[in-house]
Amino acid sequence: MNQKKDGLDGVIAASTRLSRVDGEAGTLLLTGYAVEDLAPHATFEEVAYLFLHRHLSAARRAIPQATVELLRAAAARRAPPMDALLMATPTLRVEQPEDVIAAFPTIIGTYWRLLNNQTPVPVREDLSHAAHYLHQLSGEAPTPARTRALETYLNTVCDHGLNASTFTARVIASTHADVVAAITGALGALKGPLHGGAPGPALDMVFEIGTADRAEAVIRAKLDAGERLMGFGHRIYRVRDPRADVLAQAAERLYANGADRAVYELARSVERTALRLLHEHKPERRLDTNVEFYTALLLHGLGLSTELFTPTFAVGRVLGWCAHYLEQRRDGRLIRPQSEYIGPVGLQYVA
Ligand code: ACO
């Protein structure tokens, strides 16, 4: 019998040319390029081309009327935006995987406006993918600085080895189900707070702390109560998540341009206190800042509500899911691990 690995820790379950995560060195390569070289400079369209070898088509941004109707019904029930995205994705008309990438900003923007009693804005094909997302949400064409900040974020999170949602997408792809099924499954995995659901709670903690002098008491109380600090720790990285640095620099630029500077300073101070107390709390385990902490700060600086943080993560990560889908279909085999049975045996059934 093979050895069991809880959480498939350290198990290599796929080969990929898409991204390389080195948890000891704290490095991330995206299609061979260091994340810090690629993410802050490339357009999302360029990164998409590196991953898919296909062009994203702005002509595929519109969503079917049936999808809009579904979003309207979901808004009437005040469903969270992540649930609306999960429900809407299977209603898209998809010919190629990249059609889903093109449609995500429209789904989320349309839903957000419906939820806030605003009329959805028409799709614009003249804007870049990142600018189009911000336009769908606010109805205004964003400044180049805001577009750049979002684009850096989308590029930074577009792929990350065999994380939980990407693994889910690959498992579904391995059954030869269609790409929409794979992406819907991946969205479900992304939703959880141990994966893509962390940035909202990370920012909530910063707001709960409120002023730097309260950080120590609040964080200590959380750790004493056995809570995990959202935005810290990682399964693979044993050092600082390199994506945190890319996003910290992007946030710094954004906040220097007028966004709520006090929140930025407070978050930096909360981070320093959290790292010190986590080290005290678990000296044997290196717990460092992960991508979600600075995601929260950057997206807040862009004026996005916390409810939009995980859906916005999906706007970036859907690129990786599509690329992994294609890679799995091309090279992969049905993914089918085994379980160790630990239940009773030999029970006698009595009708
Ligand atoms: N705060 C406090 N304690 C922590 C934290 C944290 N953020 N992270 C890990 N620990 C503790 C655990 O409680 C555990 O202690 P125990 O051995 O006494 O139970 C120990 O450190 C080891 O933790 P594991 O659960 O083995 O770490 P794992 O690799 O499974 O978890 C994870 C990684 C889920 C990210 C974890 O660090 C965590 O819950 N962080 C907070 C949530 C978060 O930020 N998620 C986003 C991750 S990034 C992403 O998915 C895009």
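**The ligand and its shell**

By class, 11 nonpolar, 5 polar and 6 charged residues make up the shell around the ligand; Ala, Val, Leu, Ile, Met, Phe, Trp, Tyr, Cys and Pro count as nonpolar, Asp, Glu, Lys and Arg as charged, and the others, Gly among them, as polar. The model is predicted: local features need pLDDT of at least 70, side-chain atom pairs count only at pLDDT 80 or more, and totals for chains, interfaces and linings use all residues. Residues are numbered from 1 along each chain as its sequence is written, and side-chain values use heavy atoms, with hydrogens and water left out.

User: Which residues come nearest to the ligand?
Analyst: A residue is near a molecule if one of its heavy atoms lies within 4 Å of it. There are 22 residues around the ligand. Those that come nearest are R228, L229, G231, F232 and K282.

User: How many Å is a polar side-chain atom of R285 from an oxygen atom of the ligand?
Analyst: A polar contact is a pair of N or O atoms within 3.5 Å. The side chain of R228 has an N or O atom 2.8 Å from a ligand oxygen, and G231 has a backbone N or O atom 2.8 Å from a ligand oxygen. For the polar side-chain atom of R285, the distance to a ligand oxygen is 3.3 Å.

User: Between which domains does the ligand lie?
Analyst: Domain bounds come from an automatic or database domain assignment. Two domains both give residues to the shell, so the ligand lies between them: domain 1 (19–194 + 307–331) and domain 2 (199–301).

User: In which loop is H176 found?
Analyst: H176 is a residue other than glycine with a positive phi, near 70°. Helices (H or I, at least four residues) are DSSP runs, numbered from the N terminus. H176 is in the loop between helix 8 (164–174) and helix 9 (179–190).

Notes
Polar contact = N/O pair within 3.5 Å; in protein donor to acceptor, adjacent residues only side chain to side chain. Helix = DSSP H or I, 4+ residues; strand = E, 2+ residues; numbered from the N terminus.
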